[in-house]
Amino acid sequence: MAVDNGADNTSQLPVVFPPWLDRLQIKYMNPVVKPFSRFLPGTSVIKHRGRKSGKTYETVVTTYRKGDVLAIALGHGKADWVKNVLAAGEADVRLFRREVHLTNPRIVPAGAADKTLPLAVRLQNRRVAVLVSDIA
């Protein structure tokens with residue numbers, strides 16, 4: 001499996017969504033969706049720490065699970081939360097009403113055709129990179 005272990009060059013990851021949508025999602029959509037994330041299939045909240053501040057953040061993501069592997073399509077490219085998770089090497093994710101600990105985060109570049117990924121994220125991986133992590 002081809003893996004990019006977190007180089008800081010964001011131009012390496014394709015971005016599907018425009019920057020204005022990122023700002024809209026962070027400011028308005030995520031606060032509305034976060035309380036309902038436990039009830040919406042595939043919607044999860046990832047808890048991570050800031051690289052410099054150490055502050056705890058929560059970000060709404062769409063997760064795909066296959067066995068002990070959790071995958072998140074990176075349609076927004078290498079966002080701050082992705083950099084934080086890669087730098088820390090771990091994160092916590094709330095899947096429905098259960099919280100799991102993620103270890104060994106890595107990026108699978110777009111077009112990698114990794115057969116170990118869940119089918120839904122494999123289809124997205126044709127165009128965007130995927131953050132893959134092991135469930136501890």
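**Close-up views of a predicted model**

**View 1. Trp20 sits in helix 1.** In this predicted model, Trp20 has a relative accessibility of 53% and therefore counts as exposed, the cut-off being over 50%. Together with Leu24, Tyr28 and Met29, Trp20 forms a nonpolar patch on the surface. The accessible area of these four residues together is about 440 Å².

**View 2. Here we look into the largest pocket, with a volume of about 930 Å³.** Its lining is made up of 33 residues, and those closest to the centre are Gln25, Thr59, Val60, His76 and Trp81. Several elements each supply at least two lining residues, among them helix 1 (19-33), strand 2 (56-66) and helix 2 (80-88). Sorted by class, the lining holds 17 nonpolar, eleven polar and five charged residues.

**View 3. Glu58 and Lys34 meet through their side chains in a salt bridge, at 3.8 Å from N to O.** Glu58 belongs to strand 2 and Lys34 to the loop between helix 1 and strand 1, so this pair ties together parts that are 24 residues apart in sequence. Both partners are partly exposed, Glu58 at 36% relative accessibility and Lys34 at 26%.

**View 4. Lys47 forms salt bridges with Glu58 and with Glu99.** The closest N and O atoms are 3.9 Å apart for Lys47 and Glu58. That pair links strand 1 to strand 2, eleven residues apart. For Glu99 and Lys47, the N to O distance is 3.1 Å. Here strand 5 (residues 98-108) is linked with strand 1, the two residues being 52 residues apart. Through shared partners, salt bridges join Lys34, Lys47, Glu58 and Glu99 into one network.

Note on methods. Residues are numbered from 1 along each chain as its sequence is written. This is a predicted model: local features need pLDDT of at least 70, side-chain atom pairs count only at pLDDT 80 or more; totals for chains, interfaces and linings use all residues. Side-chain values use heavy atoms; hydrogens and water are left out. On a 1 Å grid over the protein atoms alone, a cavity is a set of points where a 1.4 Å probe fits but cannot get out, and a pocket is an open set with protein on both sides within 12 Å along at least five of seven lines; lining residues have an atom within 4 Å of a point. Grid points are joined across faces, edges and corners, and a volume is the space filled by probe spheres set on the points. Helices (H or I, at least four residues) and strands (E, at least two) are DSSP runs, numbered from the N terminus. Ala, Val, Leu, Ile, Met, Phe, Trp, Tyr, Cys and Pro count as nonpolar, Asp, Glu, Lys and Arg as charged, and the others, Gly among them, as polar. Patches are made of residues with over 30% relative accessible area and no salt bridge: like charges are joined within 9 Å, nonpolar side chains (Val, Leu, Ile, Met, Phe, Trp, Tyr) within 5 Å. Accessible areas come from the Shrake-Rupley method with a 1.4 Å probe; for residues, only the protein chains shown count as cover. Buried means under 20% relative accessible area, exposed over 50%, partly exposed in between (1.4 Å probe, protein chains only).
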